[in-house]
Each structure stands twice: as structure tokens, then as C-alpha cells.
Amino acid sequence: MGIGTSLFLIAVGAILYFAVDADVSGLDISTVGIILMVVGIIGLLISLFFLSQWRRRYRAPVDERPVTRDRDYY
């Protein structure tokens with residue numbers, strides 16, 4: 001699950017929890033909204049954790065050395 005999917009789940013869950021005021025037989029829409037928000041937050045945290053691990057692992061090494069001339073050009 002990526003960051004975009006997690007944000008989408010959080011948004012849909014918030015809409016279902018705060019904005020929808022409908023009754024469905026056998027289903028509580030506000031509970032579904034809370035579940036979607038929790039799953040989205042967990043997915044976002046996992047995505048950010050793996051993104052930070054990837055950045056640390058694949059960082060290009062910086063080789064700082066003095067600039068010198070190899071040979072003199074005439």
C-alpha cells in the first residue's frame with residue numbers, strides 16, 4: 001500500500017464517518033469509516049517507515065577529495 005492509497009483510505013473513511021448520515025440495514029457506516037481511517041493511518045506509517053529505510057540504504061556516497069590537476073597542458 002502506497003502513500004496515495006493510504007491517504008485515499010483516510011479521506012474515504014473520514015467522509016463516511018463525519019459526512020454520511022444514512023442508515024443501512026446490517027451495516028454501521030460510521031464504524032466502516034473508522035475502520036478505513038485506521039487502516040489508512042497504519043498503511044501510511046508503514047509506507048513512511050519503508051521509505052525512510054530505503055533512503056538510508058540507497059544514499060549515494062559522497063567522495064570529497066581535493067581538486068588537483070593531473071598534468072600540465074601546453
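Trainee: In which helix does Ser47 lie?
Mentor: This is a predicted model, and local features are taken from it only at pLDDT of at least 70. Ser47 belongs to the helix that spans residues 29–57. That element is helix H2.

Trainee: Does Ser47 count as buried or exposed?
Mentor: The cut-off for a buried residue is under 20% relative accessible area. Ser47 has a relative accessibility of 12%, so the residue counts as buried.

Trainee: Which residues does Ser47 touch, not counting residues up to four places away in sequence, and what separates the C-alpha atoms of Ser47 and Gly2?
Mentor: With those sequence neighbours left out, Ser47 touches Met1, Gly2, Ile3 and Ser6. Gly2 and Ser47 are 45 residues apart along the chain.

Trainee: Where does Ser6 lie, and is Ser6 buried or exposed?
Mentor: Ser6 is placed in helix H1. Not counting residues up to four places away in sequence, Ser6 touches Met1, Gly40, Gly43, Leu44 and Ser47. The relative accessible area of Ser6 is 0%, and a residue under 20% is buried. Ser6 is therefore buried.

Trainee: How far apart in space are Val39 and Ser6, C-alpha to C-alpha?
Mentor: Val39 is found in helix H2, and at 36% relative accessibility Val39 counts as partly exposed. Not counting residues up to four places away in sequence, Val39 touches Met1 and Leu9. Val39 and Ser6 are 33 residues apart in sequence, and their C-alpha to C-alpha distance is 7.7 Å.

Trainee: What share of the contacts in the protein chain with a separation of 6 or more comes from residues 24 or more positions apart?
Mentor: The protein chain has two helices and zero strands. Of its 74 residues, 14% count as buried. Among contacts with a separation of 6 or more, the share from residues 24 or more positions apart is 62%.

Trainee: Which element gives the most to the nonpolar patch on the surface?
Mentor: The patch is formed by Tyr17, Phe18, Ile34, Val38, Ile42, Ile46, Phe49 and Phe50, with about 810 Å² of accessible area together. The elements that give two or more residues to it are helix H1 (3–19) and H2. With six residues, the element that gives the most is H2.

Trainee: How many aromatic pairs does the structure hold, and what is the geometry of the pair of Tyr17 and Phe18?
Mentor: The structure holds two aromatic pairs. The ring centres of Tyr17 and Phe18 are 4.7 Å apart, and their planes stand at 80 degrees. Planes over 60 degrees apart meet the cut-off for this class, so the pair is edge-to-face.

Trainee: How do Tyr17 and Phe18 count by relative accessibility?
Mentor: Tyr17 has 34% relative accessibility and therefore counts as partly exposed. For Phe18 the value is 63%, and the cut-off for exposed is over 50%. Phe18 thus counts as exposed.

Trainee: What percentage of the accessible surface of the protein chain belongs to carbon and sulfur atoms?
Mentor: The accessible surface of the protein chain comes to about 6600 Å². The part that belongs to carbon and sulfur atoms is 62%.

Key
Residues numbered from 1 in each chain as written. Predicted model: local features only at pLDDT ≥ 70, side-chain atom pairs only at ≥ 80, totals over all residues. Heavy atoms only, no water. Helix = DSSP H or I, 4+ residues; strand = E, 2+ residues; numbered from the N terminus. Buried < 20%, exposed > 50% of the residue type's maximum accessible area, 1.4 Å probe, protein only. Contact = heavy atoms within 4.5 Å. Areas by Shrake-Rupley, 256 points an atom, 1.4 Å probe, with all protein chains shown as cover. Patch = residues over 30% accessible without salt bridge, like charges linked within 9 Å, V, L, I, M, F, W, Y side chains within 5 Å. Salt bridge = Lys/Arg side-chain N within 4 Å of Asp/Glu carboxyl O. Phe/Tyr/Trp six-rings, centres within 6.5 Å; stacked < 30°, edge-to-face > 60°.
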